Amino acid sequence: MRYIRYAFLAVLGIVLVSIALANRDVVTLSLLPGALAELTGLSYQVELPLFVVIFGGIVAGLLIGFFWEWMREYKHRAEAARKS
């Protein structure tokens with residue numbers, strides 16, 4: 001079973017590295033759309049490789065999902081703690 005896990009992790013690593021190598025172009029992320037940025041005077045922009053944006057979105061989604069579930073299950077944990 002351990003070898004299957006290592007094989008899966010190796011394949012996952014190869015896939016992630018190939019995605020990173022295929023998406024090395026630099027993209028510009030803006031805080032606000034162009035017209036709204038001109039109106040408000042907030043024109044914050046950052047240039048990042050596309051794979052950083054992709055992986056950052058995945059990590060942010062995972063963290064938000066884990067936090068959401070942790071908050072949602074609070075009442076179940078509190079009840080279990082009261083019963084024990």
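User: What makes L16, I19 and A20 count as residues that F55 touches?

Analyst: F55 has contacts with L16, I19 and A20, leaving aside residues up to four places away in sequence. Contact means heavy atoms within 4.5 Å. This is a predicted model, in which local features need pLDDT of at least 70 and side-chain atom pairs pLDDT 80 or more, while totals for chains, interfaces and linings use all residues. Residues are numbered from 1 along each chain as its sequence is written, and side-chain values use heavy atoms, without hydrogens and water.

User: Why is F55 called partly exposed?

Analyst: The relative accessible area of F55 is 23%. Buried means under 20%, exposed means over 50%, and partly exposed is in between (1.4 Å probe, protein chains only). F55 is therefore partly exposed.

User: Where in the chain does F55 lie?

Analyst: F55 is part of helix α3, residues 50-72. Helices are DSSP runs of H or I with at least four residues, strands are runs of E with at least two, and both are numbered from the N terminus. The chain has four helices and two strands, in the order α-β-α-β-α-α from the N terminus.

User: How do you know how the chain compares with a compact globule?

Analyst: The radius of gyration, taken over C-alpha atoms, is set against a rule of 2.2 Å times the number of residues to the power 0.38. For 84 residues a compact globule would be near 12 Å, but the chain has 21 Å. Its C-alpha atoms fill a box of roughly 60 × 40 × 10 Å along the principal axes.

User: How much of the chain counts as buried?

Analyst: Of its 84 residues, 4% count as buried.
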